[in-house]
Amino acid sequence: MRIMRVLRNLFFIALVLAAALWILEFKFDSSGALYKVISGHEVLANDNSPQTLKKLKYLTRSTGLIQANYVVPDRLKPLPMLLGALRGAEGLIPDMMIIPDADEPEDVKLIEVRMGVKTKSFAVEDVDTLFKVNWRLKDIFEFVADNLSNDVKTDEVEYAAINGMLLPLDEHSSFLSPRAYADMMMDTEGRFGGLGIVISSRNGVVTIVSVMEETPAEKAGLRSGDQIVEIGDESAMNMSLTTAVSKMRGEPGTEVTITIERKGWDEPRQMTLVREEIRVKSVTHQNLKDGIGYIKVRNFQEDTVEQVENAIKLLGREGANRGFVLDLRQNSGGLLAQAVELSNLFIPQGTLVITEGDGKKMHQEYEADGSAAQKKTPVVVLIDGGSASAAEIVAGALKNNDRAVVIGNTSFGKGTVQVLYDIEDAALKLTVAQYLIPGKFSIQGVGVVPDVETMPVTVGKRFITMGLLDDRRPRDPKRRLEPFGEVSDVPPAHRFFWLDSDAIEYDDDDDELPPLEDTDKFKQDEVITLGKAIVGAIKGPYGRSKLEQANEAIAKWNEVQDARISQLFAERGVNWSAGPAPSDTNVRVDWSVEPAGPLVGGTEVKLKATAVNLGAQPLHRVHCMTESENGLLDGREFVFGLLEPSIPVEREIDLKIPLDSYNRLDQLRFRLFQQETELPSPSPVAVEVAGVQRPRFAFTVQIQDSGGDGLLNDGEAADVLVDVFNLGPGPASKVLVTIRNSNDSPINIRTGRVKFDQPIPPGGHAQATFKIDVRKVLGVVPAELEVLVLDLKYTEFMSEKVKFDLYQTAIPGQILDSQHWSITTDGAKVLAAADTSAFTLFNLPSGFVLKAIKDLGDFVAVKIGPKRFGFVAKGDGQFVGGETRLSTLPTIVQPSHVQPELDVSFEPIYGATGERPMLKISGKAGFFGHDGEARRKVLVYRGMDKVHFWTRFGATTEAVIDLDTTVPLIEGQNDISVLAVEGKDRSIVRRFSIYVKPWSDSK
């Protein structure tokens, strides 16, 4: 979906700049977590001084724990781990860049570390143990700390370095910051102090999605769709969900006041609720009728099995206990003990799971304890590609003990065990073992294979998907641990397509939000229906061994699905008839695009594929799926259906090339299928995407207050005017402007989002007006509003904080009538407020005449627009009367916040066969937003590796910087990003991506 592209683009920029881009929400995700907790908790106050970074207290403790406990000691490579730590810190520190003297980490002998304009080299040839890694990193981070900017948090640098050090190990070992650790433990415990609501952000408003039963929210009468506009005394407009959650959670028994807007109410209503302990439901249930109960387990927390047992009791009262459908889809895991206990509930005897460390140093078998209360009840288990870890243990135990039929898609394949080691207020999550399901089979990297595989088919307006995306797990091969045990090669007994009619296809031009959906609400899909049919057909507590008992029920279900899919395909001219599958197949697939040439941003194209059956027998249900690192081209389906010998069949897909597309060269691969059997793949092709000219933003913020001095005063209402300028070569398409509080200021935002109806052309201007008011303050209080200008189509954006002082009283003044103000000082400033530190709206020549509105002592308020005023210092002009003619102001004010300019080109350079290809980057970066001292940088990344860096710290005379550098390319996809950064917030990025074949044939 388009919004996901917006988020991915912004998230990348947030990573490389370490900026807090508030329009995004990111929460620590413990996906696939299977862990135990080793406690040794010590709490010390965080110290964000450079001295703290020099100590590396978290990293030192982590190094010792890794050395002693990591599951595969052979993967503990000192130099790659040292480089990983430095790369992690480099990604968080804009002024830092590391330059090793070799491409391969094992060959590195010297590392040059740049901190701004300062450089120091460190020898690492003798670093051959983790303890030496620790000591060498202390040397390096002493240099880093001495040259670190004040706005970089040293504790976050250390966290990033530890996670970088863990990168060469595996994908599930990580370091948890204190906040991430606290969130994880809260999720594990399944309870917290709060109100009992699930929230989302819709158009910048915190909106209630669902209300939990028997909670303060339900008692207060809150409903799904209610909007929370204030939390305590703070406006919730454009507030991040993380902040909103933290403000509403708290100790049970404490109070929180929220202000609610509801459709049908005349005005918002304030409510004070008392927080209670909220127990999160990890289990829900439903009566499927005919004696069958449905139990959904979302994750494995401390009381999950207790909740399952309670669900079984409640279903039993309704007579729905003759069999169960146990749904573990999208269950990312949790506690090992709960997975074992849930398996024990259904399995009377046999092995449940085995945990095993490297070389059998750790070996523990978990056997059924014989207490299985549901040992005779038929069970079907539902899994998919999101079922991981603890969910896979349960599915594997029930399947391999022949206790349940498993339906769905192959699970995630997370077969490792992590231990959480407390390190003061944070934690190291370290992989210490793998687990094996009964039969001593490893699922690491391969997952649990279902007995009945169900592949969802979605048919949208433009696209068809055939349910095979789960086969392509985007796993980093360098971080993947190999299985310890054998891997089962037993295929599914059945494979079926089913029609997923609930899939929603959004149009890129659709600005409407989808209806608010309570995800806790039960919805019976076709897989649940199949599960119910199988449970009802199997007589007794059996799995695959008795699956034939359900053959009639399975066939009836498949007949219905097959007919629905065939009908939809027939409406599109596709013959989806079934038939025999010849063993000898030979299919040629030709691919093209219309119009020919690069795919240009903002245009519509047709992707065409023609299939020819070169064999002698008809082929049935042939379809072809694309694969590419370019998400636009990935997962597209060409459904050919019946292929008669020698008769070409052409299929096409209408595709909109998004405006935010940038220049890239990708490899497009194809996977060809006859029914559900994969055929030899057609040859890949190269696809070029051409970006278009993009906008570049600047803005000015001005207060138009009721007090008339341009300053925010106690208790007054005001308009916030945001003038938006497009300084780029391309038009701004759909521009969204938002404001929000960036601290606990007493500003109430009444309207915080404006979307311009018309595009802003190059050199154009538009104005957004926001309504705010100010609560009572004592003395002068600083406040910040964070302004975001975002083009929803191009995903170009500018986000910056604007500071204001809040005063108790307005500047006293006298309202003027029919008077004019004549400028006497050439170049006099018209300011945004009656304050010498306010920014300049206009510079005016001597003799310029304006209408005077108010005499404010040292300043005169003058009219600069129909509903707008500015301020001129008394010393720069004089009052004039009579019939003096007013001068004409410039049409727009001067921008005060200007995004850097970046104009770059990318040229691949291929040498002789076998030589490493390079990328030449050239162009210019322009900086305009700061006078005098400023931090200015130009950074180039290949992926997340910083490969070029220019900076000036302090007063900078260069307004335009030439960029001319060459970047070595690596095999595979190379994502190149060039950033220009000015000050703390202002930045711009230009991107390029290129796929590189192995060097021997890259030319």
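1. Strand E38 and strand E45 (residues 797–807) pair in the parallel sense over 2 bridges, where strands are DSSP runs of E with at least two residues, numbered from the N terminus, and pairing requires that DSSP finds at least two bridges between them. Within this pairing, Asn713 stands opposite Tyr807 in E45.

2. Both strands belong to an open sheet of 5 strands with mixed pairing, in the order E38-E45-E44-E40-E42. Because E38 (712–713) and E42 (753–755) each have a single partner strand, they stand at the edges, and one side of each is left without a neighbour in the sheet.

3. This is a predicted model, in which local features need pLDDT of at least 70 and side-chain atom pairs count only at pLDDT 80 or more, whereas totals for chains, interfaces and linings use all residues. Residues are numbered from 1 along each chain as its sequence is written, and side-chain values use heavy atoms, with hydrogens and water left out.

4. Arg740 lies in strand E40 (residues 735–741) and Glu786 in strand E44 (residues 781–791), so the pair ties together parts that are 46 residues apart in sequence. Arg740 and Glu786 are both buried (under 20% relative accessible area, with a 1.4 Å probe and protein chains only).

5. A search of the whole structure finds 41 salt bridges, and buried residues make up 54% of the 1003 residues in the chain.

Note on methods: Buried means under 20% relative accessible area, exposed over 50%, partly exposed in between (1.4 Å probe, protein chains only). Helices (H or I, at least four residues) and strands (E, at least two) are DSSP runs, numbered from the N terminus. A salt bridge is a side-chain nitrogen of Lys or Arg within 4 Å of a carboxyl oxygen of Asp or Glu.
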